[in-house]
Structure formats: C-alpha cells, structure tokens
Amino acid sequence: MNINIFVFTGRLVADIDVRFTKQGAAIGRFIVAYSERYKDIYKTYYFHCTMYNNKIAGIAEFINKGDLVLVEGSIHKNKKDEKEYTNVIAKNIQLLKKKIRTDKNTIEIKATPVMNNEIEDSVLFDDNYDF
C-alpha cells in the first residue's frame, strides 16, 4: 500500500492563476513559500501547486498574494527537458490568515476555518426554502 499525503502551510507567492479547459473545468496554479529557521540560518522552500477542481475559481477570488494558507494534497514528480520537477497536486486549500494592505499599513486577520461537520443541521435543513 502506498500513501501519498502532503499537508503544509505557507504564504502565497502570487495570486492564484485560474484557467479553464474547453469543457469548462477549472485548473488553478499557485506557488506557496514555506520558511524555516535553524539557529540563525533561514531556508525557504517553494512548492508549485496545481488544483484540478472547479472550486478553485471561487477560492481564488478570496485568497491573494501574501495570505497564509494550508494546502492538502499529494506529491508528484515530472520529467521535462532532462530535469525532474516536483509538483503538489492540491486537493484542498484553506485560508489561515488574510493580509489586508492599505496605503500605509499591512494588517493580518486570522481566519476561522469552518469544517463541514461544524455546520449546524438547522442551516442545512431549513424548512423555509421554497422548492
């Protein structure tokens, strides 16, 4: 049995690039930077991520460059021009902290992620909807 699960946090290097296939499926590409420090030595890793999911189009409207995100996915290696590339195929991306820039200041707001099981049944099964 092989297990390929990769979960990490980092900051978006640029806004998410969303493109659509001829069939209308969304493909989002983005780079997440992860930094670590050991004593006085800093090292930064850049993860190139691709998400094949139509929800990436909606997510890209709210997540921007500099935001702290959590990415869940799997690692895949590709060969091109005699070089080996590592790519993360993202299954989910979640906003952890939002950076808001003004003319003079940058403010960070902590996001509160909502898990699917935390949504109340009364919201899901409201009888006030007309069908």
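Ile5 sits in the segment that precedes strand E1 (6–12). In this predicted model, Ile5 has a relative accessibility of 65% and therefore counts as exposed, because the exposed class begins over 50%. Together with Ile3 and Val7, Ile5 makes up a nonpolar patch on the surface. The accessible area of Ile3, Ile5 and Val7 together is about 340 Å².

**Overall fold**

The chain contains two helices and seven strands. Their order along the sequence is β-β-β-β-α-β-β-β-α. The chain has 131 residues, and 24% of them count as buried. Its accessible surface is about 10500 Å², with 52% of that area belonging to carbon and sulfur atoms. Among contacts with a separation of 6 or more, 51% are between residues 24 or more positions apart.

**The hairpin of E2 and E3**

Strand E2 (residues 17–20) pairs with E3 in the antiparallel sense, over four bridges. Arg19 stands opposite Ile27 in E3. Five residues lie between the strands of this hairpin, and Gly24 has a positive phi near 95°.

**Aromatic pairs**

The count of aromatic pairs is four. One of the pairs is formed by Tyr34 and Tyr45, and it is stacked. A pair of aromatic rings is described by the distance of the centres and the angle of the planes. For Tyr34 and Tyr45 the distance is 6.2 Å centre to centre, with 20° between the planes. The stacked label follows because planes under 30 degrees apart count as stacked.

Tyr34 belongs to strand E3 (residues 26–38) and Tyr45 to strand E4 (residues 41–52), so this pair ties together parts that are eleven residues apart in sequence. Tyr34 is partly exposed, at a relative accessible area of 31%. Tyr45 is also partly exposed, with 30% relative accessibility. Both values fall in this class because it covers the range between buried, under 20%, and exposed, over 50%.

Ring pairs also link Phe6, Phe8 and Phe47 into a cluster.

**Relative accessibility of the residues discussed**

| Residue | Relative accessibility | Class |
|---|---|---|
| Ile5 | 65% | exposed |
| Tyr34 | 31% | partly exposed |
| Tyr45 | 30% | partly exposed |

Terms used: Residues are numbered from 1 along each chain as its sequence is written. This is a predicted model: local features need pLDDT of at least 70, side-chain atom pairs count only at pLDDT 80 or more; totals for chains, interfaces and linings use all residues. Side-chain values use heavy atoms; hydrogens and water are left out. Patches are made of residues with over 30% relative accessible area and no salt bridge: like charges are joined within 9 Å, nonpolar side chains (Val, Leu, Ile, Met, Phe, Trp, Tyr) within 5 Å. Accessible areas come from the Shrake-Rupley method with a 1.4 Å probe; for residues, only the protein chains shown count as cover. A salt bridge is a side-chain nitrogen of Lys or Arg within 4 Å of a carboxyl oxygen of Asp or Glu. Buried means under 20% relative accessible area, exposed over 50%, partly exposed in between (1.4 Å probe, protein chains only). Rings of Phe, Tyr and Trp (its six-membered ring) pair if their centres lie within 6.5 Å; planes under 30 degrees apart count as stacked, over 60 as edge-to-face and the rest as tilted. Two strands pair if DSSP finds at least two bridges between them. Contact means heavy atoms within 4.5 Å.
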